[in-house]
Amino acid sequence: MRRLRFGLFENAQANDSGTATWRHPDNQRVRFDELAYWRDLARLCEDARLDFLFLADAWGWADVNGERPEICSVEGLDLPRLDPAVVAAALMSQTEQLGLVMTGSILTEQPYAFARRMASLDQLSGGRIGWNVVTTGTAETAVQAFGVPMVAHDERYRMADDFMELVYKLWEGAWEPDALVKDKAGVFADPSKVHRIAHEGPYFRSHGYGNTAYSPQGTPVLFQAGASPAGRAFGGKHGECMFIGAGSVAQLAEHTRAIRAEAVASGRPADAVKIMSAFACVVGKTTTDAQRKYQRVLDAQSPEVAVASYAWFTGLDLSSYEPDTPMTELHTELSQTQVARFAGLTVGDVLKDWHAHGVGAKPVVGTPEEIADRMCELAEGADLDGFLLSPVIQPGSTQDFVEHVLPILRERGVAGTEYEGATLRERLLGTGSATLPAEHPAAAHRPAALRRAA
Ligand SMILES: Cc1cc2nc3c(=O)[nH]c(=O)nc-3n(C[C@H](O)[C@H](O)[C@H](O)COP(=O)(O)O)c2cc1C
């Protein structure tokens, strides 16, 4: 079996993924607004040689019939949060090698300013930055907050294509990698290697010069997690690493086949996209001990959270439907994945499921050996490249994984003990290069001389 990659899913807010476990006595995530929480967690990840810490993000809030339910404030559900770019910037100075991946939305960011922010992070971190490109599943309230028009689901992906083309021009085409000479007896930057860019797209426009020089990775490592047909096509074209939700071997295998087929359809090798599945676990000395531990997590949260949280992801108020309504009767222009994945179930089933783990992965509850066995079975059976660890409570879930499960995976030769390569791209993609390969669509925006040399 191949060597697996590991990232840790985080979110700069008190709760996560539609659950509300902040009251659990051991949950330290409630300290999300303290630098010390993030520093200790990032060091835990780095000491364990996890490849990256991922900072998810979302705009907007839960909305049920035009109001944010009171329960959201009472349970700290959707707000408040911190800006992931600021957390990433703080953490790069607390770590030396850990990759830092953050979500950024094409619906709310301005490409010219966003390109500079990401290049600055990549520059100062020495090439440790990744960007999870999202089109914002929670768009309904996000567009209210930003005062921009609502954009329908598939159109948001067309908008994303345009956004990408412009940021590729800025990251790959504006400054050649060796443009910055800094020779006090000569030139600061070689004028022949600083280029004017022009972009007149259907959604975004920019003319002129890039605001940042070429960073260690040029383009940050591109992550994507869309699971709708439009999302998968986008991921197959642009993504270097795809996150997929948790599931059975058969469900995950279907996802990986579809994503690799999309990469091939875009003229890229099938393994150009690394696929990481969300994975949650609750570790115990015995299976019963682990189940007891998980029950304490479930008991810590109110069932009302599920209604508000599901509405945030989909705009749908499940409390307004009869519990036996089939999910196939519901439609959304927000996250279609969160409706489609429950085909065959009823509204009542979904509310129960959502209470247990929200949008996140259903935890595997058991001994370290049982959990390691399940990870190996999933990775091998579904052709996965790694896992995005989704903590149930923090930092307990991460500590349990690092102390008890990771050593078993290392013994089996599927988890590494050292970082290989200086940049995040070298480590995750294993191509021996810090920058994107020639077959990636971003490479078409490199200056002609560089394309010929490649
Ligand atoms: C592991 C994982 C992490 C995700 N992180 C985010 C995130 O940080 N922000 C976000 O808006 N969506 C996130 N998503 C959701 C997807 O990016 C995507 O927006 C959502 O599935 C809706 O798009 P779709 O209808 O194409 O699937 C995540 C999904 C998965 C599986």
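How much space lies in the largest cavity? About 250 Å³.

## Basis of the model

This is a predicted model, where local features need pLDDT of at least 70, side-chain atom pairs count only at pLDDT 80 or more, and totals for chains, interfaces and linings use all residues. Residues are numbered from 1 along each chain as its sequence is written, and side-chain values use heavy atoms, with hydrogens and water left out.

## Ligand site

For threonine 337 the distance is 2.3 Å. For histidine 153 it is 2.6 Å. An N or O atom in the side chain of threonine 103 sits 2.8 Å from a ligand oxygen. A polar contact is a pair of N or O atoms within 3.5 Å. On its own the ligand has 610 Å² of accessible area, and the protein covers 86% of this (Shrake-Rupley method, 1.4 Å probe). Helices (H or I, at least four residues) and strands (E, at least two) are DSSP runs, numbered from the N terminus. The domain bounds come from an automatic or database domain assignment.

## Cavities

The count is seven cavities of 30 Å³ or more. A cavity is a set of points, on a 1 Å grid over the protein atoms alone, where a 1.4 Å probe fits but cannot get out; lining residues have an atom within 4 Å of a point. Grid points are joined across faces, edges and corners, and a volume is the space filled by probe spheres set on the points.

The largest cavity is lined by 22 residues, with Asp16, Thr19, Ser390, Pro391 and Val392 the closest to its centre. Domain 1 and domain 2 each supply at least three lining residues. Helix H9 (287–299) and helix H12 (347–357) each give at least two. The second largest cavity has a volume of about 70 Å³. Its lining includes Leu8, Phe279 and Phe401. Helix H14 (residues 396–411) gives the largest share, three residues. This lining has seven nonpolar, three polar and no charged residues.

## An open pocket

The second largest pocket holds about 240 Å³ of space. A pocket is an open set with protein on both sides within 12 Å along at least five of seven lines. Among its lining residues are Ile106, Glu109, Phe146 and Tyr203. The lining divides into nine nonpolar, two polar and one charged.

## Backbone exceptions

Most residues other than glycine have a negative phi, and most peptide bonds are trans. Leucine 79 and proline 80 are joined by a cis peptide bond, with omega about 0 degrees. Proline 80 lies in the loop between helix H2 (70–75) and helix H3 (84–92). Another cis bond joins glutamine 394 and proline 395, with omega about -5 degrees. Proline 395 is in the loop between strand S12 (386–389) and H14.

Arginine 49 has a positive phi, near 65 degrees. This residue is in the loop between helix H1 (35–47) and S2.

Methods
Polar contact = N/O pair within 3.5 Å; in protein donor to acceptor, adjacent residues only side chain to side chain. Nonpolar A, V, L, I, M, F, W, Y, C, P; charged D, E, K, R; others polar.
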